[in-house]
Amino acid sequence: MPKVKDAEARIIDAALARAAIDGWDGLTLSGIAEEAGMSLSELSGHVGSVSEILDAFSRRIDRAMLTEAEDEPEDFAAQPVKDRLMALIMARLDALEPHRAVMQRLADRSDRGIPALDLICGQGMRLQRSMGWLAAAAGLESRGIAGLARRQGLAAIYLATLRAWLKDDSEDRAKTMKTLDRLLDRAGRWSRMAGRMAGGRRGFRPGSEPSAGASPAADTPAAG
């Protein structure tokens, strides 16, 4: 299994390297195989499409984010929800930092009306899965209709923060963190308002404790 994982890492890195040169539109399996030093038949033993490679890259970013919650789990769990979400989202961006140029190409593609961010972190199943992991790590319920709405809200926050991060030229990413802080505060206000309208049902509240039964195990999204 370690060899399989090593091969996956090589393929992901090769795809990102080619995307930096050829752009996302020019990304091909043959180009990725060449960059990875593999034959096409070897590549086909690990992935079936460019989309699968990007899916593996998305999972790599998910794992980097989840590690943030696992390094010191008790200390992390003791933090307010808002702080947990900030730490997790910033961990995602830290994991993307080596690939900033490639991510900028995705953003430029989106600005041309092509939903390229969807390839890795835009709307769709890939983003829903990542937001499910984000909610689970933060101790938030992510199942059912309310969970879907929460994942959608987290996706909107994440994508807005991602765009702020791409424009942030400060060394400490202060502009990015300021944007994320503002977005989470706004989400907290909306959640409290929705909670009152629903008769006091609990929503996401910055500073609140995890909702009962919202452990990562209980909220584990579909794998893959």
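Predicted model: local features only at pLDDT ≥ 70, side-chain atom pairs only at ≥ 80, totals over all residues.
What pattern does the protein follow, read along the sequence? I read it off as α-α-α-α-α-α-α-α-α-α. I took helices (H or I, at least four residues) and strands (E, at least two) as DSSP runs, numbered from the N terminus.

Residues are numbered from 1 along each chain as its sequence is written, and side-chain values use heavy atoms, with hydrogens and water left out.

**Entry: whole chain.** I looked up burial and got 46% of the 224 residues as buried (under 20% relative accessible area; exposed is over 50% and partly exposed is in between, with a 1.4 Å probe and protein chains only). The accessible surface is about 11,500 Å², and carbon and sulfur atoms hold 55% of that (Shrake-Rupley method, 1.4 Å probe). For contacts (heavy atoms within 4.5 Å), I kept those with a separation of 6 or more: 64% of them join residues 24 or more positions apart.

**Entry: the core.** I went for the largest nonpolar core, which has 57 residues, and L96 and Y158 touch the most other members. A core here is a set of buried Ala, Val, Leu, Ile, Met, Phe, Trp, Tyr and Cys residues joined through side-chain atoms within 4.5 Å. Helices that each supply at least two residues include helix 1 (2–22), helix 4 (50–70) and helix 9 (144–167). Helix 6 gives the largest share, ten residues. As background, nonpolar side chains in soluble globular proteins tend to be buried together.

I then listed what L96 contacts beyond its neighbours within four places in sequence: F57, I61, M103, Y158, L162 and W165.

**Entry: rings.** Which ring does the charged end of R92 sit over? I found the ring of Y158, with the charge 5.0 Å from its centre. R100 lies over the face of W165, 4.3 Å from the ring centre. My cut-off for a charge over a ring was NZ of Lys or CZ of Arg within 6 Å of the ring centre and within 35 degrees of the ring normal.

**Entry: A135.** Is A135 buried or exposed? I have A135 down as buried, because its relative accessible area is 0%. A135 is in helix 8. Not counting residues up to four places away in sequence, A135 touches L140, S142 and L154. I also checked R151, 16 residues away along the chain: its C-alpha is 7.2 Å from that of A135.
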